[in-house]
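Here's a quick tour of the charged side-chain pairs in this one. Have the viewer open as you read.

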Amino acid sequence: MAFTETKGRYASYGTVSSIPGEIIDSFWFIIDNQLKGVIPLEPLINFELLNQKGLLSVKFSQPHNPLTVTVDFQYPFNTSWPRHFHAVDNNGKETIISSQERE
(Lines give C-alpha, C1' and ligand atoms only; values in the text may rest on other atoms or scores of the structure.)
Protein backbone atom coordinates (compact mmCIF):
# COMPACT_ATOMS: atom_id res chain seq x y z
CA MET A 1 0.00 0.00 0.00
CA ALA A 2 1.38 3.40 -1.01
CA PHE A 3 1.97 6.41 1.24
CA THR A 4 2.68 4.28 4.32
CA GLU A 5 6.49 4.39 4.56
CA THR A 6 7.40 7.99 3.90
CA LYS A 7 11.11 8.63 3.34
CA GLY A 8 10.68 12.19 2.07
CA ARG A 9 8.05 14.61 0.86
CA TYR A 10 8.48 16.99 -2.01
CA ALA A 11 6.62 19.32 -4.33
CA SER A 12 7.66 19.86 -7.94
CA TYR A 13 8.72 23.24 -9.26
CA GLY A 14 5.48 23.46 -11.26
CA THR A 15 3.50 22.95 -8.07
CA VAL A 16 5.49 25.33 -5.87
CA SER A 17 5.37 28.05 -8.50
CA SER A 18 1.61 27.81 -9.11
CA ILE A 19 -0.07 27.47 -5.69
CA PRO A 20 0.69 28.66 -2.14
CA GLY A 21 2.48 26.40 0.33
CA GLU A 22 -0.68 26.18 2.44
CA ILE A 23 -2.44 24.43 -0.44
CA ILE A 24 0.43 21.98 -0.86
CA ASP A 25 0.24 21.32 2.89
CA SER A 26 -3.48 20.63 2.52
CA PHE A 27 -2.70 17.68 0.21
CA TRP A 28 -0.43 16.13 2.87
CA PHE A 29 -3.03 16.92 5.56
CA ILE A 30 -5.71 15.03 3.61
CA ILE A 31 -3.41 12.05 3.03
CA ASP A 32 -2.32 11.89 6.68
CA ASN A 33 -5.60 12.72 8.42
CA GLN A 34 -8.43 11.55 6.15
CA LEU A 35 -6.98 8.75 4.02
CA LYS A 36 -4.10 6.82 5.62
CA GLY A 37 -5.36 3.77 7.46
CA VAL A 38 -8.89 4.33 6.16
CA ILE A 39 -8.63 3.28 2.51
CA PRO A 40 -5.88 1.55 0.53
CA LEU A 41 -3.90 4.18 -1.35
CA GLU A 42 -2.48 3.67 -4.83
CA PRO A 43 0.98 5.03 -5.77
CA LEU A 44 -0.75 7.77 -7.80
CA ILE A 45 -3.60 9.74 -6.30
CA ASN A 46 -5.43 12.74 -7.74
CA PHE A 47 -6.45 16.05 -6.25
CA GLU A 48 -8.80 18.59 -7.79
CA LEU A 49 -9.10 22.14 -6.47
CA LEU A 50 -12.73 23.26 -6.32
CA ASN A 51 -14.32 26.63 -5.73
CA GLN A 52 -17.05 26.33 -3.09
CA LYS A 53 -18.59 29.78 -2.67
CA GLY A 54 -15.18 31.46 -2.83
CA LEU A 55 -13.45 28.98 -0.51
CA LEU A 56 -11.18 26.06 -1.34
CA SER A 57 -12.35 22.47 -1.40
CA VAL A 58 -9.97 19.66 -2.38
CA LYS A 59 -11.38 16.53 -4.00
CA PHE A 60 -9.38 13.28 -3.70
CA SER A 61 -9.72 10.38 -6.14
CA GLN A 62 -7.78 7.38 -7.42
CA PRO A 63 -7.63 5.94 -10.95
CA HIS A 64 -8.84 2.45 -9.97
CA ASN A 65 -11.32 3.26 -7.21
CA PRO A 66 -14.73 4.96 -7.56
CA LEU A 67 -14.48 6.52 -4.07
CA THR A 68 -13.97 10.28 -3.87
CA VAL A 69 -13.48 12.43 -0.78
CA THR A 70 -13.89 16.20 -0.73
CA VAL A 71 -12.43 18.24 2.11
CA ASP A 72 -13.46 21.87 2.67
CA PHE A 73 -11.00 24.50 3.87
CA GLN A 74 -11.49 28.06 5.12
CA TYR A 75 -8.91 29.24 2.59
CA PRO A 76 -9.87 31.66 -0.20
CA PHE A 77 -10.04 30.07 -3.65
CA ASN A 78 -8.05 31.69 -6.45
CA THR A 79 -9.35 31.17 -9.99
CA SER A 80 -5.83 31.48 -11.44
CA TRP A 81 -4.65 28.25 -9.76
CA PRO A 82 -4.35 25.10 -11.83
CA ARG A 83 -7.18 22.73 -10.95
CA HIS A 84 -5.49 19.29 -11.00
CA PHE A 85 -2.57 17.90 -9.04
CA HIS A 86 -1.29 14.43 -8.19
CA ALA A 87 0.57 12.85 -5.31
CA VAL A 88 3.05 10.17 -6.39
CA ASP A 89 4.68 7.64 -4.07
CA ASN A 90 7.93 6.31 -5.53
CA ASN A 91 9.21 3.86 -2.88
CA GLY A 92 8.60 6.30 -0.03
CA LYS A 93 9.61 9.45 -1.92
CA GLU A 94 6.29 11.27 -2.07
CA THR A 95 5.89 14.18 -4.47
CA ILE A 96 3.08 16.56 -5.38
CA ILE A 97 3.08 17.34 -9.10
CA SER A 98 0.81 19.33 -11.37
CA SER A 99 -1.16 17.63 -14.14
CA GLN A 100 0.96 19.41 -16.74
CA GLU A 101 4.09 17.79 -15.31
CA ARG A 102 2.53 14.33 -15.41
CA GLU A 103 1.77 14.45 -19.13
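## The overall count

This is a predicted model, and it holds four salt bridges. Side chains of opposite charge can pair when their charged atoms come close.

## Arg9 and its partners

Start at Arg9, whose side chain forms a salt bridge with Asp32, at 2.8 Å from N to O. The two sit in distant parts of the chain: Arg9 belongs to strand β1 (residues 8-11) and Asp32 to helix α2 (residues 21-35), 23 residues apart. Arg9 is partly exposed, at 29% relative accessible area, and Asp32 is partly exposed too, at 34%.

Arg9 also meets Glu94 in a salt bridge, with an N to O distance of 2.7 Å. This pair ties strand β1 to strand β6 (residues 93-98), where Glu94 sits, and spans 85 residues. So is Glu94 buried or exposed? Glu94 counts as buried because its relative accessibility is 0%, and the cut-off for buried is under 20%.

Zoom out a bit and there's a network: salt bridges link Arg9, Asp32, Lys36 and Glu94.

## Glu48 and Arg83

Another salt bridge joins the side chains of Glu48 and Arg83, at 2.8 Å from N to O. Here, too, distant parts of the chain are linked: Glu48 lies in strand β2 (residues 44-52), while Arg83 is in the loop between β4 (65-76) and β5 (84-90), 35 residues apart.

Terms used. Residues are numbered from 1 along each chain as its sequence is written. This is a predicted model: local features need pLDDT of at least 70, side-chain atom pairs count only at pLDDT 80 or more; totals for chains, interfaces and linings use all residues. Side-chain values use heavy atoms; hydrogens and water are left out. Helices (H or I, at least four residues) and strands (E, at least two) are DSSP runs, numbered from the N terminus. Buried means under 20% relative accessible area, exposed over 50%, partly exposed in between (1.4 Å probe, protein chains only).
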